[in-house]
Amino acid sequence: MKKPLISVEKCKGCGLCIGACPKKILEMSSAFNKQGVNYPKCKDEPSCIGCKFCAMICPDCVIEIVETDEPGGKNG
Ligand code: SF4
Ligand code: SF4
């Protein structure tokens with residue numbers, strides 16, 4: 001199973017990743033990072049298909065797609 005790992009302190013809050021996600025599972029947090037901007041959070045990690053669109057569109061390489069160990073998601 002894959003999920004987005006978001007390095008929130010590097011985010012500049014442009015919102016591009018949110019529009020890029022075909023599953024619409026990214027949304028802006030109401031919290032602020034140290035740069036004083038809202039950053040994205042994933043509201044439904046099990047629905048992530050690992051397409052990496054969010055990671056590819058981010059101008060600041062904030063998002064990385066990682067494998068999780070959660071049950072049911074392993075490919076062997
Ligand atoms: S990898 Fe794809 S499905 Fe997962 S959060 Fe990013 S854009 Fe959405
Ligand atoms: S595209 Fe990158 S910089 Fe822009 S809001 Fe998303 S994570 Fe932050």
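Which residues make up the largest nonpolar core? Ile6, Cys11, Cys17, Cys21, Ile25, Leu26, Tyr39, Cys48, Cys54, Cys58, Val62 and Ile63 do, 12 residues in all. A nonpolar core is a set of buried Ala, Val, Leu, Ile, Met, Phe, Trp, Tyr and Cys residues joined through C-beta atoms within 7 Å. In soluble globular proteins, nonpolar side chains tend to be buried together.

The model is predicted: local features need pLDDT of at least 70, side-chain atom pairs count only at pLDDT 80 or more, and totals for chains, interfaces and linings use all residues. Residues are numbered from 1 along each chain as its sequence is written, while chains are lettered from A and ligands numbered from 1 in the order in which they are written.

**View 1. The whole chain.** The chain has two helices and four strands. Helices (H or I, at least four residues) and strands (E, at least two) are DSSP runs, numbered from the N terminus. Along the sequence the pattern reads β-α-β-β-α-β. The C-alpha atoms fill a box of roughly 40 × 20 × 20 Å, taken along the principal axes. Of the 76 residues, 20% count as buried. Buried means 20 or more other C-beta atoms within 10 Å of the residue's own; exposed means 12 or fewer; partly exposed lies in between, with C-beta atoms placed from the backbone. Among contacts with a separation of 6 or more, 63% join residues 24 or more positions apart. Two residues are in contact if their C-beta atoms, placed from the backbone, lie within 7 Å.

**View 2. The shell around ligand 1.** This ligand is surrounded by 15 residues. A residue is near a molecule if its C-beta atom, placed from the backbone, lies within 6 Å of it. Closest are Cys21, Cys48, Cys51, Phe53 and Cys54. By class the shell has 12 nonpolar, one polar and two charged residues. Ala, Val, Leu, Ile, Met, Phe, Trp, Tyr, Cys and Pro count as nonpolar, Asp, Glu, Lys and Arg as charged, and the others, Gly among them, as polar. Cys48 also belongs to the largest nonpolar core. Leaving aside neighbours within four places in sequence, Cys48 contacts Lys2, Lys3, Pro4, Lys23, Ile25 and Cys42.

**View 3. The hairpin of strands 2 and 3.** Strand 2 (residues 26-32) and strand 3 pair in the antiparallel sense over four bridges. Pairing requires at least two DSSP bridges between the strands. Five residues lie between the two strands of this hairpin, and Gly36 in the turn has a positive phi of about 85°. Glu27 stands opposite Lys41 in strand 3. Ser29 sits in strand 2. It is partly exposed, with 16 other C-beta atoms within 10 Å. Beyond four places in sequence, Ser29 contacts Asn38, Tyr39, Pro40 and Lys41. In a regular strand the side chains alternate between the two faces of the sheet.

**View 4. Val66 in strand 4.** Val66 is found in strand 4 (residues 63-67). With 11 C-beta neighbours inside 10 Å, Val66 counts as exposed. Its C-alpha atom is separated by 6.2 Å from that of Pro4, 62 residues apart along the chain. Not counting residues up to four places away in sequence, Val66 touches Lys2, Lys3 and Leu5.

View 5. Lys24 lies in the loop between helix 1 and strand 2. Its phi is near 55°, a positive value in a residue other than glycine. Lys24 is exposed, with 11 other C-beta atoms within 10 Å. Lys52 lies in the loop between strand 3 and helix 2 (53-57). Phi of Lys52 is positive, about 70°, although the residue is not a glycine. Lys52 is partly exposed, with 15 other C-beta atoms within 10 Å. Gly15 is in the loop between strand 1 (2-6) and helix 1. Gly15 is partly exposed, with 16 other C-beta atoms within 10 Å.
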